[in-house]
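Here's a quick briefing for anyone opening this entry for the first time. Have a look at the view below, then work through the notes topic by topic.

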There are 2 protein chains.
Amino acid sequence: MKGEILRGHLDMLLLAALARGPAHGYAVIELVNADSGGVFDLQQGTVYPILHRLEQEDLIKSRWVSHAGRQRREYEITSDGRDRLDVARADWKRFSRGVRGVIGEAT
Amino acid sequence: MKGEILRGHLDMLLLAALARGPAHGYAVIELVNADSGGVFDLQQGTVYPILHRLEQEDLIKSRWVSHAGRQRREYEITSDGRDRLDVARADWKRFSRGVRGVIGEAT
DNA sequence: CCGCATACCTAGCGCGGCTAGGCTTAATCG
DNA sequence: CGATTAAGCCTAGCCGCGCTAGGTATGCGG
């Protein structure tokens, strides 16, 4: 899947993944890629900076957790994050409706 | 509708508009904006450069037409353009399917 | 004759995601 | 045991696209 198509939608995808439950960064990547049915192939260099930004915006929060002797940063969505996700979902609906209106297709 | 969401989808939208029939730039803008049901609000500064690029890629072609004593550049989609549009539509389906898979929603 | 709508154009910026790297520790394999 | 892979984390910097903000010209209604 080509690059720039994800512009502006990535926040939503990561928030949606974390809305299912806390997860560490590496897991978020695999979650999104898997849930997309192989459509997306997010890279670490794409995801980690976004997670940091989302945390700064208080949409998610993190804590260090040790697992199998190793340190993981576990992220959890905040209530602000859920609100933002709701907005993003609504925007997505509008957006995809707009696209369908122009290209004239179901789905 | 915020900005970067259209990234990578604009070519498809303009090609789709022109697939309905030849039109000049200004009309393309209004067509897309109208067909989107008011979701998009494309500006001239966004659309004209894209039309030029699409023409360079031989996806559309243009000719000057005089209308009511004025000069318009009328664009028409080429067969390469239709092929590209088909690909873009397929990509759009994949993309939106991927998003739905992650955010877990119909539409 | 003024202002608005129509119709075209472009330079330059801003920023988001990707590329491409780098670090550490646990597990696996020869 | 030493080497390689996988699991995890991170960041600097580039690149390209769309937007902002400007500019021009003409026809038409008041």
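This is a predicted model: local features need pLDDT of at least 70, side-chain atom pairs count only at pLDDT 80 or more; totals for chains, interfaces and linings use all residues.

**Around DNA strand D**

- The biggest share of the surface near DNA strand D is from α3(A), which puts in five residues.
- There are 24 residues around DNA strand D, and the ones that come nearest are A:Tyr26, A:Gln44, A:Arg72, B:Arg7 and B:Thr46.
- Of the atoms of DNA strand D that come within 4 Å of the protein, 62% belong to sugar and phosphate.
- Sorted by type, the residues of this surface near DNA strand D are eight nonpolar, 10 polar and six charged.
- Bases get some attention too: a polar side-chain atom of A:Arg70 sits 2.9 Å from a base nitrogen of DNA strand D, and one of B:Arg70 sits 3.0 Å from a base oxygen of DNA strand D.
- With B:Gly8, it's the backbone that takes part: an N or O atom there lies 2.9 Å from a phosphate oxygen of DNA strand D.

**Around DNA strand C**

- Here α3 (44-56) of chain A joins α2 (25-35), α3 (44-56) and β3 (70-77) of chain B, with each of them supplying at least two residues of the surface near DNA strand C.
- Which element gives the largest share of the surface near DNA strand C? That's α3(B), with five residues.
- Out of 23 residues around DNA strand C, A:Thr46, B:Tyr26, B:Gln44, B:Arg70 and B:Arg72 come nearest.
- Sugar and phosphate make up 60% of the DNA strand C atoms that come within 4 Å of the protein.
- By type, the surface near DNA strand C has eight nonpolar, nine polar and six charged residues.
- Several chain B side chains reach phosphate oxygens of DNA strand C: an N or O atom of B:Tyr48 is 2.8 Å from one, an N or O atom of B:Arg73 is 3.1 Å from one, and a polar atom of B:His24 is 3.4 Å from one.

**How the two chains pair up**

**Aromatic rings**

- Counting over all chains, the structure holds seven aromatic pairs.
- One of them is A:Trp92 with B:Phe95, an edge-to-face pair at 5.8 Å centre to centre and with 70° between the planes.
- This pair crosses between chains, running from helix α4 (residues 79-103) of chain A, which holds A:Trp92, to helix α4 (residues 79-103) of chain B, which holds B:Phe95.
- Are these two residues, A:Trp92 and B:Phe95, buried or exposed? Both are buried.
- A:Trp92 and B:Phe95 also belong to one aromatic cluster, together with A:Phe40, A:Phe95, B:Phe40 and B:Trp92.

Terms used:
Residues are numbered from 1 along each chain as its sequence is written. Chains are lettered from A and ligands numbered from 1 in the order in which they are written. Side-chain values use heavy atoms; hydrogens and water are left out. A residue is near a molecule or strand if one of its heavy atoms lies within 4 Å of it. A polar contact is a pair of N or O atoms within 3.5 Å; within protein, one must be able to donate a hydrogen and the other to accept it, and residues adjacent in sequence count only if both atoms are side-chain atoms. Helices (H or I, at least four residues) and strands (E, at least two) are DSSP runs, numbered from the N terminus. Ala, Val, Leu, Ile, Met, Phe, Trp, Tyr, Cys and Pro count as nonpolar, Asp, Glu, Lys and Arg as charged, and the others, Gly among them, as polar. Rings of Phe, Tyr and Trp (its six-membered ring) pair if their centres lie within 6.5 Å; planes under 30 degrees apart count as stacked, over 60 as edge-to-face and the rest as tilted. Buried means under 20% relative accessible area, exposed over 50%, partly exposed in between (1.4 Å probe, protein chains only).
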